[in-house]
Amino acid sequence: MDNSLQLTPRQLHLVIAPHRAQRQMMTILTARLALTRRVRLVDAGNCFDGYGLAHQLRQQTSHWQQALERVSVARAFTCYQVETLLSESVADFSPVLVLNLLDTFYDENVKLSERLRLLEMSLGELGRLSRAASVAVSASLPKREQPGELLEMLSEAAGRVWSFEEPQPAE
């Protein structure tokens, strides 16, 4: 799985997977990128695994502390904060990874029309950032009560989509 997520420069990538698999894939991707360059991480699902990242880096290099220092993390707890963090991000050559982007957009305390507006603005910002560097976003399939159009908008904006499903238990 380490090599299944290869980022293409100047493209928006989307990883759709269950939360646990998403967390593992994005941690591996973060570690691989941090070995050679700065990585900006936006955690929109309160799921950043710092210990897992340090463990991945220790497996790959004896200079894991320097690699860890190349990762900057910003947390967003609302869809408003996600949009603000993305709009304030400088478009340089550092890859940008956004963890669980849609989690904050499923907040029922914000009107759906407002969430759609903020997601559209956020997707514009992700497009702007992807013109300078690779951008990868992770998301889960919506639950029954969550609006599916949010994932549809995100999928349409992505240049490349990887979709992973939870393995079904054997009978």
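Biologist: What volume does the largest cavity have?

Modeller: This is a predicted model. Counting cavities of 30 Å³ or more gives one. The largest cavity has a volume of about 60 Å³.

Biologist: Which helix gives the largest share of the lining of the largest cavity?

Modeller: The lining includes Gln22, Arg23, Met26, Thr27 and Thr30, along with residues such as Leu41, Phe48 and Ser138. By class, the lining divides into five nonpolar, five polar and two charged residues. The largest share, five residues, comes from helix α1 (residues 19–34).

Biologist: Are α5 and α6 roughly parallel or roughly antiparallel?

Modeller: Two packed helices are described by the angle and the distance between their axes. The axes of helix α5 (residues 112–130) and helix α6 (residues 149–157) come within 11 Å and cross at roughly 15°. Angles under 35 degrees count as roughly parallel, so α5 and α6 are roughly parallel.

Biologist: Is the crossing of α5 and α6 left-handed or right-handed?

Modeller: The handedness describes how α5 and α6 cross. For this pair, the crossing is right-handed.

Biologist: How many residues of the contact of α5 with α6 are charged?

Modeller: From α5, the contact is made by Leu112, Leu116, Leu119, Glu120 and Leu123. From α6 come Glu149, Leu150, Met153, Leu154 and Ala157. Of these contact residues, eight are nonpolar and none polar, and the charged ones number two.

Key:
Residues are numbered from 1 along each chain as its sequence is written. This is a predicted model: local features need pLDDT of at least 70, side-chain atom pairs count only at pLDDT 80 or more; totals for chains, interfaces and linings use all residues. Side-chain values use heavy atoms; hydrogens and water are left out. Axes are lines fitted to C-alpha atoms, for helices over the stretch in contact, and angles run from 0 to 180 degrees between N-to-C directions. Helices (H or I, at least four residues) and strands (E, at least two) are DSSP runs, numbered from the N terminus. Angles under 35 degrees count as roughly parallel, over 145 as roughly antiparallel, 65 to 115 as roughly perpendicular and the rest as oblique. A crossing is left-handed if the near helix is turned anticlockwise from the far one by less than a right angle, and right-handed if clockwise. Contact means heavy atoms within 4.5 Å. Ala, Val, Leu, Ile, Met, Phe, Trp, Tyr, Cys and Pro count as nonpolar, Asp, Glu, Lys and Arg as charged, and the others, Gly among them, as polar. On a 1 Å grid over the protein atoms alone, a cavity is a set of points where a 1.4 Å probe fits but cannot get out, and a pocket is an open set with protein on both sides within 12 Å along at least five of seven lines; lining residues have an atom within 4 Å of a point. Grid points are joined across faces, edges and corners, and a volume is the space filled by probe spheres set on the points.
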